[in-house]
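Hi there,

Here is the structure I promised to pass along. Have a look at it first, and my notes on what turned up follow below.

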Amino acid sequence: MLFAHGFGCDQNMWRYVTPAFADSHRIVLFDHVGAGGSDLAAYDRQRYSDLSGYADDVLDICQALDLTDVTFVGHSVSAMMGVIAATREPERFSRLVLVGPSPRYIDDGDYVGGFTTEDIEGLLESLDSNYLGWSSAMAPVIMGNADRPQLGDELTNSFCRTDPEIARDFARVTFTSDNRAELSQVRVPTLVLQCSDDVIAPAAVGAYVHQQVAGSTLVQLAATGHCPNLSAPEETVSAMRAFLDRQ
Amino acid sequence: MTVDDPLTPESAEDLYENAPCGYLSTLPDGRITRANQTFLAWTGYHRDDLVGQRRFVELLTPGGRIYHETHYAPLLQMQGTVRAIALDVVRADGTRMPVLVNSQLRVDPAGTPIGVRTTVFDATDRRQYETELLAARRRAEQATSWVRAVEQVVADLAAVAGAAEVSEVVARAGTAVFGARRSAVWLADAGTGLLQLVAGDADLPAPAWPAEVIAEDGLVLTPIEARGRALGVLVLERSNDEPLDPDEVSLLQTLGRQAGQATERALLYDEQRSVATTLQHSLLPRTLPTDPRLGLSACYRPAVEGLEVGGDWYDAFLLDADRVAVVVGDVVGRGLAAAAAMGQLRSAVRALAAVDSGPALLLARLDRFVDGVPAAETATLAYAELDLRDGKARYACAGHPPPVLVDPGGDAVLLWEGRSAPLGAHFGRDRAEAAVTMVPGARLALYTDGLVERRDEPLDTSIDRLAGLLGQSAAQPLDGLADRVTETALGTRRTGDDVCLLLVAFEV
């Protein structure tokens, strides 16, 4: 099982979920470039100018570890990275688990993504406000100590360690992405986990994903918010397990 | 322990309701269970609007909601606490209130979350200050990146020579440095003085002469000027039509000045190059002598763009009814001076060559001639006289690569005899000459070193390669042959030198 965290935090997002599958599966976790313990030098604005660059990273991981029969579990924007990766190399993947997926965040005609372009600019402002204190002085301390995680842990908000500049790019790429066309190309058994009252991926978006991915399973969770893997890990795990047992 | 003023004791409720910060209590999913009076007063909500009705995330701006869901909520669940998160609360009247938020997760004895306590601080002034700081830092970073970019433009400008190339660099700089969507450079035409498009986007509207950097109708016009003289205009198309800030004006002025200096230099260069090229071509023979016993094919290529013309020349003229003189030479140096010296030498060869003197004597006379023409000193040349009655040829080389004699069967030999030093460097000794007989159908090739010189191999090897090439072409018709051989010899190589090849065929 390959777990991909979404925009905001790092692989710690999966800490309450992965133990449930550790006995039955090989667990692979990673941090996206710019997040957590990743190598910032690997960041290339061109490569990561859309989600396909991140999807290539997923495929690179599969190749480097020689993974097959992969159950890809992607949260938020990473769900769409899994969709792209699975349409590129379907033979590698046996299942997709999409947690709070959204193929497009910005409204477009009849399609309701939930946000406007101005909203996304507001997010970038919000990021700026929150990174202001340490964007130049603290970033190396916060980001540059992958070998000494205890140092990072002592710092505020250490599970959402992201390089400010990369986070800004990632936010823009994420929330301006449009991968609706890829959904219908998915040929892998797919589970869509939809939260209640999710402001980032509203129920209508989850229903859209379910409708576009042929043969997919949609599970409506009682969990509220956008991170059921943190707020309701038991419910999340049991929905995933039911899907894995069936497929 | 607490110490209360006995006259006005503090109540716990008053401490909570009228604390100098907003208090919110919510369920783990964010639904508001309590809000203090301070928060209600700041935001304009009634208690009933919030308690049991709204989740905290719903009070935020859309951008803030995303931040809440992607950063704040996960952190709270993982760490149990978050500190100093900057968000905007939307008040009841729709206005925004910048706040700093601290939250603490409440858990029961078993560790299960049962609620969240949040304090909210009004950060209006602080946010304003931070926004200004951020803007100042962005400006500083922008200025630094502009300085670097302008340095790069200056380096790029120094690396090109002509006005067209300079304008290309300036147009590219407009998009790369200033971030314009499209750009164009217009320069004053040398004749009419009217602006003409030289580089960039042809679809941008033609500019009028701007007196200074101006922005209008989505376009920014920057004068390109040097020493107070207007040379042209840089036209940039922007994605917005906001007024330029002083930093941008200053950047564009710098760009305009750098472009002006480079353009002035480039225009001068173009003028000189054009004069030199014209002069050089005017000095080459317009027509070659015709005789049924004689075939001639010549190829002359001036040095490629970016360098000034050199001083190569060739010539062929009849000494009398039965004898033809052929010469290929190379004046050291470049530009106008070299072209002028070449012209004088060419005339001198024609004037001093005579039926009865022969190559060696001609070189001796040329030695005396170049004594008075410094630019012609150390010129090299190959000279031959062919008798059209019997194919006998006399030749001499003054510091010049050896002629190649090709017989009709394709055997090519280098004529290494009759050699002496370049003109003006022979110091009184007699000049050497040699003789050879051309069989009917044989060809003699004279050329300059631009045809054979290669950086990556010795000159001997290059000359042998040319001889081989000429041997292979022995059966080909003479018409256009010099061009074809030159083409093959140079291949894709761009030479910075003039190239000259003269083929002489004894046709009987």
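In this model, 27 residues of chain B are in contact with 30 residues of chain A. Please keep in mind that the model is a predicted one. On the chain B side, the elements that give two or more residues to the part touching chain A are α4 (62-79), β3 (81-90) and α5 (124-158). Helix α4(B) provides the largest share, with 15 residues.

Now for chain B as a whole. You will find eleven helices and 21 strands in chain B. Of its 508 residues, 39% are buried. If you take the contacts in chain B between residues at least 6 apart in sequence, 62% of them join residues at least 24 apart.

One helix pair in chain B may also interest you. The axes of α6 (residues 163-176) and α7 (residues 246-283) of chain B come within 8 Å and cross at roughly 165 degrees. Angles over 145 degrees count as roughly antiparallel, so α6(B) is roughly antiparallel to α7(B). Their crossing is right-handed.

Which residues make this contact? From α6(B) they are Ala163(B), Val166(B), Val170(B) and Ala173(B), and from α7(B) they are Leu255(B), Ala259(B), Ala262(B), Thr263(B), Ala266(B), Leu267(B) and Asp270(B). Together, the residues of the contact of α6(B) with α7(B) comprise nine nonpolar, one polar and one charged.

Best wishes

Definitions and conventions:
Residues are numbered from 1 along each chain as its sequence is written. Chains are lettered from A and ligands numbered from 1 in the order in which they are written. This is a predicted model: local features need pLDDT of at least 70, side-chain atom pairs count only at pLDDT 80 or more; totals for chains, interfaces and linings use all residues. Axes are lines fitted to C-alpha atoms, for helices over the stretch in contact, and angles run from 0 to 180 degrees between N-to-C directions. Helices (H or I, at least four residues) and strands (E, at least two) are DSSP runs, numbered from the N terminus. Angles under 35 degrees count as roughly parallel, over 145 as roughly antiparallel, 65 to 115 as roughly perpendicular and the rest as oblique. A crossing is left-handed if the near helix is turned anticlockwise from the far one by less than a right angle, and right-handed if clockwise. Two residues are in contact if their C-beta atoms, placed from the backbone, lie within 7 Å. Ala, Val, Leu, Ile, Met, Phe, Trp, Tyr, Cys and Pro count as nonpolar, Asp, Glu, Lys and Arg as charged, and the others, Gly among them, as polar. A residue is buried if 20 or more other C-beta atoms lie within 10 Å of its own, exposed if 12 or fewer, and partly exposed in between; C-beta atoms are placed from the backbone.
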